[in-house]
Amino acid sequence: MVSSAHPSIFTISPHRAFADALAAGLLARFGQTPIGLAQGLILVPNNRAARSITEAFVRRSDGGLLLPRLVPVGDPELDERIGGALEPLEEGEDIPPEIPPVERLMLLAALVQKQMGDIDAAEAVRLARDLARTLDQLLIERIDPARLGDFAADFPDLSAHWQKSLDRLQVILSEWPQLLKARGRIDLTERRNRLLAAVSSRWRGKPPTGFVVAAGITTSAPAIAGLLRIVAGLPAGMVVLPALDIQMPQDEWDALGPHEPDLVTGYRRASIETHPQYHMKLLLDRMGVARDEVENWRWGGGRNAPAVRSRAIANAMTPATFTSKWRDLKPAERRLSGVRALELADPAEEAQAIAIALREALETPERTAALVTPDRGLARRVSVLLRRWGIEADDSAGRPLAETPPGTLLHALATAAAENFAPVALLALLKHPLVMKGEGRAAWLDGARSLDLALRGPRPPVGLQGMTDYLSDRKGRDGKARDRAASWWANARAKLDPLETAFNSARPSLASLLAALRETASSLTGDEAWAGAAGREAANLFAALEPASESGPGRLAPANLLPLLDQMMREVAVRPPYGQHPRIFIWGLLEARLQHADLMILGGLNEGGWPALPTPDPWLAPRLRAELGLPGLERQIGLSAHDLAGALGAREVLVTRARRDARAPAIASRFWLRLEAMTGGLTRSAHHRRWARELDRPASHRPASQPAPSPATALRPSTISVTEVDRLKADPFAFYARKMLRLSALDAIDADPSPAWRGSAVHEVLEAWMKEDDCDSSKLHPRAEAFLAGASAHPLMRALWQPRLMEAVDWIASEVARNKAKGRRPIAAEAEGEIEIAGIRLKGVADRIDRAADNSLIVVDYKTGTPPGPKAVADGFSMQLGLLGLIAEQGGFDEIEGIPACFEYWSLAKKAGALGFVASPVGGRNGIDADDFTNIAARNFIAAAQKWLTGAEPFTAKLHPEYAPYGDYDQLMRVDEWYGREKRPTP
């Protein structure tokens with residue numbers, strides 16, 4: 001029978017490590033005999049708390065120790081079941097099993113889609129997750145969903161969107177019990193309520209034979225409160241609460257709420273749900289226990305901070321209306337000795353400083369250190385930075401499945417299929433570390449890299465067949481790369497065909513898409529996708545999701561599978577089973593409850609981080625939540641404050657924040673500001689900031705000098721193209737890198753059509769027009785249209801550049817026709833020629849060569865942009881037309897004889913409001929005579945060849961940067977380190 005005497009309720013102050021103090025007290029009370037502890041039962045909030053308390057017992061055991069049973073009461077927010085020791089064992093306690101979480105989510109998503117009609121499955125699942133949270137809160141608080149029906153009449157002024165949401169919620173919650181009943185299941189939260197009620201009833205009449213301790217449970221749910229009241233009254237029972245402030249002034253305690261409505265006005269004062277003691281007060285109220293009945297736990301755990309720390313923490317958390325008392329506090333009541341603050345510039349510097357502090361802690365033998373933060377980005381940064389010292393931190397929160405190799409593989413598969421196997425997504429998939437892992441990996445990567453080279457430039461046709469057709473087309477400058485990739489691609493495509501088929505089906509279901517993803521992942525990786533801790537979690541997710549999706553939402557656009565899958569994978573945490581450092585920990589707020597390390601680093605104290613922004617409820621208006629008695633959206637801030645208060649009680653504490661986040665200046669956490677205001681400014685830890693800034697800063701800077709390699713003359717090129725002469729003179733190093741080191745810049749994958757690509761397309765059209773149509777003016781426009789309509793034309797070019805191109809080719813056709821009327825006719829297109837000059841073979845390709853009426857030659861170069869100006873020619877650059885004329889003059893073009901007398905750029909750029917004009921590099925302001933242009937070009941070339949090709953002149957970088965506009969080799973020459981400091985050549 002439950003005793004009616006004074007309930008046995010204790011609290012462990014924040015300055016004591018809860019788990020260690022609890023273990024010490026229980027050992028002192030029940031550990032006098034070898035089996036004394038083993039006869040007891042400890043109720044804990046969740047599995048993580050059970051691990052923490054078990055480790056505390058282990059730390060205090062000198063040899064073997066028989067532990068009590070540690071049973072979690074279950075946490076619905078973690079989808080945790082209640083411990084097996086509390087399952088029904090007696091006749092009449094038959095309780096249906098809970099519905100699996102994934103199946104529940106899919107069923108709710110189907111109901112949401114049915115009610116909302118026009119939403120996709122991915123959005124339905126997102127809303128169903130919020131709906132499940134709201135439903136759990138109703139069940140936890142034992143609120144009958146039928147009460148929602150009364151609100152339509154009670155609140156006629158409710159805004160339209162909230163009224164519509166309420167109507168939908170009513171319909172869903174009316175159908176939900178029938179769905180559960182048909183499956184013989186109940187909600188996990190409801191099952192926990194029933195189990196706890198059954199245990200309470202059983203223990204009320206027949207208490208356990210051993211001791212029972214409810215430790216660290218702060219949930220104020222009615223079912224939990226009822227059980228704790230029973231435990232507190234058991235003959236050998238006790239409840240041990242963490243960080244209950246039993247010294248808080250009564251007026252402050254009463255101000256927390258919840259308040260009764262005014263008898264006259266009916267007005268109810270708002271509760272202070274953001275206070276760290278509010279949920280503790282609510283728990284005591286529901287247990288029917290006064291705060292005066294709670295006693296201090298008198299045992300310590302050996303990791304205690306000074307007792308005055310607890311009082312200072314409580315004062316820092318004083319409700320806002322009472323903070324005026326800070327002025328009158330004694331120094332000892334406001335001082336946070338042992339707590340230091342560190343304010344950094346940005347998250348990167350914050351992570352670096354934290355990693356250094358953790359590493360510093362290891363210098364003391366047996367000293368432990370933990371980072372506590374709700375910011376998973378900060379935790380990941382610190383974890384990575386610790387690896388520079390070979391430290392693998394024990395990150396108990398784990399990593400989301402979406403960020404592990406199996407998760408990124410599934411993401412890459414869904415992305416590639418959703419984007420119809422576009423080049424970037426396809427290559428990311430084919431190069432994934434898990435694909436063909438093992439003996440065949442090297443050969444597979446060779447093929448993937450050949451495909452990478454073939455896909456450089458504008459996007460090919462979409463789909464796997466489009467890729468096959470693209471690789472089969474051997475024309476173009478990348479024909480060799482396509483040829484190498486084509487044979488490998490056939491095998492790769494066979495593995496991807498089922499995925500494309502599933503995504504392109506007329507009415508794909510979620511189940512069929514998931515099955516296709518799973519089968520393709522297995523085809524590409526064998527068992528690697530499902531191996532290891534992360535692989536097993538991925539396999540478990542698919543094992544639950546595939547059958548559940550059969551009864552899930554029906555309409556799913558294949559492109560939306562990716563956000564749905566990401567949602568599901570981010571809810572799955574992957575924790576490595578072994579290999580972590582035994583003294584360095586990274587804890588989330590849940591993991592940090594009930595345990596201390598010697599050094600506690602509380603990181604990320606900015607608003608929106610700690611505390612996090614309240615999660616909005618899209619189903620119930622805040623006003624309705626308050627009327628129903630559901631927790632306010634800001635209740636979570638109070639829980640975060642309680643977590644902070646508990647962590648501040650460690651022996652040594654370092655609190656950190658960054659003044660800005662990745663996007664903008666950050667606002668300091670309200671908790672940080674309270675600590676600063678009450679103490680008059682926390683002690684700063686300056687050396688960690690200094691070390692963070694100096695760790696990667698070199699002792700001295702030795703920037704590279706302007707490179708000027710000087711290879712032996714025998715190794716220098718003996719052949720050069722006319723288009724490379726300007727590069728040789730303006731940027732000799734770039735010429736050296738391209739010609740001697742054979743380093744060529746690669747086009748981007750899936751690139752927009754560049755000017756060079758557009759120029760090549762124009763040249764291709766004009767060459768075919770001249771060779772196949774004999775420059776028939778009526779055939780150029782149709783030929784250009786046919787080219788743009790072909791499969792090789794980029795859609796962006798077709799849509800944006802076609803009008804401009806068609807106007808430009810019409811101008812070319814009319815200009816050629818006009819010249820023909822004057823006796824000038826084209827005689828060669830894309831003519832290749834070469835000559836020997838100054839011991840160097842000079843070669844070039846003329847876009848077009850015309851024969852004038854007087855039998856002289858006219859050399860034409862097409863430009864899609866603005867042609868070179870006269871100043872460049874006067875400075876000895878842009879001699880391409882002159883050198884081509886020189887080759888023609890010396891008979892370097894087959895079957896073309898004559899003296900070049902005219903040199904023209906045919907530009908497709910705009911001038912005087914129209915597209916297309918003719919310009920010449922000679923005459924005009926530079927004063928160069930056309931008849932002398934080839935001689936000037938020859939002299940310029942011979943001088944350059946004798947310096948850099950047959951001489952010993954070094955290949956100096958950026959010799960004339962004004963004529964070296966391309967930056968393909970800037971990184972190789974480390975231009976940012978020396979440009980502006982180099983000695984410029986004397987003009």
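**Local backbone features and overall form**

Q: Does Asn855 count as buried or exposed?
A: Asn855 has a relative accessibility of 51%. Buried means under 20% relative accessible area, exposed over 50% and partly exposed in between, with a 1.4 Å probe and protein chains only. Because its value is 51%, Asn855 counts as exposed.

Q: What kind of model is this?
A: Residues are numbered from 1 along each chain as its sequence is written, and side-chain values use heavy atoms, with hydrogens and water left out. Local features need pLDDT of at least 70, side-chain atom pairs count only at pLDDT 80 or more, and totals for chains, interfaces and linings use all residues, since the model is predicted.

Q: Which loop holds Asn855?
A: Asn855 is not a glycine, yet its phi is positive, about 75 degrees. Helices (H or I, at least four residues) and strands (E, at least two) are DSSP runs numbered from the N terminus. On that numbering, Asn855 sits in the loop between strand E18 (840–851) and strand E19 (857–863).

Q: What is the relative accessibility of Met436?
A: Met436, a residue other than glycine, has a positive phi near 55 degrees. Met436 belongs to the loop between helix H16 (423–430) and helix H17 (441–454). Met436 counts as partly exposed because its relative accessibility is 25%.

Q: Where is Pro258 found?
A: Gly257 and Pro258 are joined by a cis peptide bond with omega about -5 degrees. Pro258 is in the loop between helix H9 (250–255) and helix H10 (278–287).

Q: What is omega for the peptide bond from Trp610 to Pro611?
A: Pro611 is placed in the loop between strand E13 (599–602) and helix H24 (622–628). The bond leading from Trp610 to Pro611 is cis, and its omega is near 10 degrees.

Q: What radius of gyration does the protein chain have?
A: The C-alpha trace spans about 125 × 65 × 65 Å along its principal axes. The radius is taken over C-alpha atoms, and the globule rule is 2.2 Å times the number of residues to the power 0.38. A compact globule of 987 residues would be near 30 Å, whereas the protein chain has 39 Å.

Q: How many strands are in the protein chain?
A: Of the 987 residues, 53% count as buried. Helices in the protein chain number 36, and the strands number 21.
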